[in-house]
Amino acid sequence: LSSGAALQVIAGNTLTLNTNSDFSGSSGGTLSISAGIVDVANPVDMSASAMVININSNGLLSNAQNLIIPNSFNVNGTGTISGNNATQFITPAASTTTLDDVTVIGLDWVNQGTVNWIPLNNSANDFTLDNTTFTNQGTLLLQNINTASTMVNLNTSSLINDINGVINSNPTTTMSIEVQFDNNATSGSFNLQAGTTQFNNSINSNQGIVNLVAGTTFRLISGNTMTLNAGSDFSGSSGGTIRLDGGTLDVAAPLDLSAVPIVIILNANSTLANAHNLVIPTNFNVVSGTISGVGTFTTPITSTTTLDDVTVVGLNWVSQGTVNWNPANNSANDFTLDNATFTNQGSLLLQNIHVGSTMVNLNSSSLVNDNAALLNIAAITPTIVEVSFTSAGGFIDIASGSSLSLNGATLTLDSAGTL
């Protein structure tokens with residue numbers, strides 16, 4: 001094809017590329033799959049040609065695993081790329097692929113170049129993976145403008161960010177990733193550049209670098225889990241929020257976020273699992289959720305934790321910083337310890353507003369106010385503590401007008417304690 005020329009395959013027509021198909025002499029031009037079908041029946045290498053492939057108007061590129069694309073490959077509008085995932089569909093390092101409303105079927109797509117998903121603003125155009133694995137070894141941009149534009153999962157598909165891969169999530173508002181997501185980028189990174197990136201698959205994992213900037217949100221919604229394995233690294237983040245809205249964040253290996261300027265929020269009965277492996281950032285908030293684990297969960301001296309309706313399961317929580325229990329006024333939200341010990345070595349505020357809010361004891365839990373620690377009781381209604389309560393040299397300050405009710409529990413003051 002010469003520069004400016006176009007070979008167009010229109011609706012109802014199929015162009016089959018058989019053995020010896022050769023476009024290497026093309027000095028430019030466009031292969032346009034406009035509602036038609038191009039079937040790459042045998043291997044064809046277009047990487048050295050100067051041509052462009054455009055798919056639009058529900059065009060289909062089939063047996064794509066046999067094709068090495070030219071440097072410019074586009075799905076403008078709606079189109080489908082299909083093939084046989086027994087052989088990889090590789091988009092080479094020199095290539096740039098631009099996608100709008102695309103469906104990828106039955107492929108093992110390995111991207112070594114640049115892929116930009118930038119769906120149009122005037123409709124909910126999706127990046128759909130159907131029985132497909134998309135492995136990013138180059139650069140992938142996810143930049144939806146319409147909130148309804150989604151990375152759709154059909155028939156157990158997945159998105160993998162490989163060791164050197166870079167994924168930039170830059171939505172105008174919210175980007176939903178419904179496929180299984182695995183970030184393995186220890187040399188590359190997964191970067192949240194704007195808006196909210198939410199994960200809507202029951203199985204996701206991270207063992208690589210994640211970078212958040214101020215104003216961005218890394219969100220897990222109900223029924224979905226993100227497992228943070230060894231190698232997880234958020235240290236390049238300059239702000240942002242990890243928000244769980246009914247989801248589970250499983251800290252499967254030690255992770256220190258104490259020097260990272262992000263916020264963690266648990267809401268809508270979310271779960272922070274294996275919390276003993278986590279050192280929280282400066283700000284940690286539980287609106288509604290569970291913190292569970294099997295060892296010591298230490299919240300550092302620099303941290304401030306704000307609690308509303310929280311359950312702590314199986315942990316020895318050692319608080320060296322500030323923990324404020326401020327349950328909402330509109331319901332009886334509790335601070336529940338279940339087979340757990342809360343040891344205050346910093347500052348603990350119990351400030352319930354609703355008369356039904358209680359520090360609940362399940363399975364022989366306890367509260368310890370450690371040496372020189374400060375426990376403030378500043379509640380509008382009586383503060384009810386059902387767990388076994390020991391003040392081991394700490395200070396207990398009950399504000400004027402407040403009261404502490406042990407509700408059958410035992411309060412032990414040692415000789416150094418102050419009430």
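Which residue forms a salt bridge with Arg243? The partner is Asp245, and the closest N and O atoms of the pair are 2.8 Å apart. A salt bridge here is a side-chain nitrogen of Lys or Arg within 4 Å of a carboxyl oxygen of Asp or Glu.

This is a predicted model, where local features need pLDDT of at least 70, side-chain atom pairs count only at pLDDT 80 or more, and totals for chains, interfaces and linings use all residues. Residues are numbered from 1 along each chain as its sequence is written, and side-chain values use heavy atoms, with hydrogens and water left out.

Side chains of opposite charge can pair when their charged atoms come close. The whole structure holds 2 salt bridges. Arg219 also pairs with Asp245, with 2.7 Å between the closest N and O atoms. Arg219 sits in strand E26 (residues 217-221) and Asp245 in strand E28 (residues 241-245), so this bridge ties together parts 26 residues apart in sequence. Strands (E, at least two residues) are DSSP runs, numbered from the N terminus.

Asp245 is buried, at 10% relative accessible area. Arg219 is partly exposed at 25%, and Arg243 is partly exposed at 27%. Buried means under 20%, exposed over 50%, and partly exposed in between (1.4 Å probe, protein chains only). Shared partners join Arg219, Arg243 and Asp245 into one salt-bridge network.

Move on to Thr322, in strand E38 (residues 322-325). Thr322 is partly exposed, at 26%. Beyond its neighbours within four places in sequence, Thr322 contacts (heavy atoms within 4.5 Å) Ser303, Thr304, Thr305 and Ser347. Leu348 is 26 residues away along the chain, yet its C-alpha atom is 6.0 Å from that of Thr322.

Definitions and conventions: Helix = DSSP H or I, 4+ residues; strand = E, 2+ residues; numbered from the N terminus.
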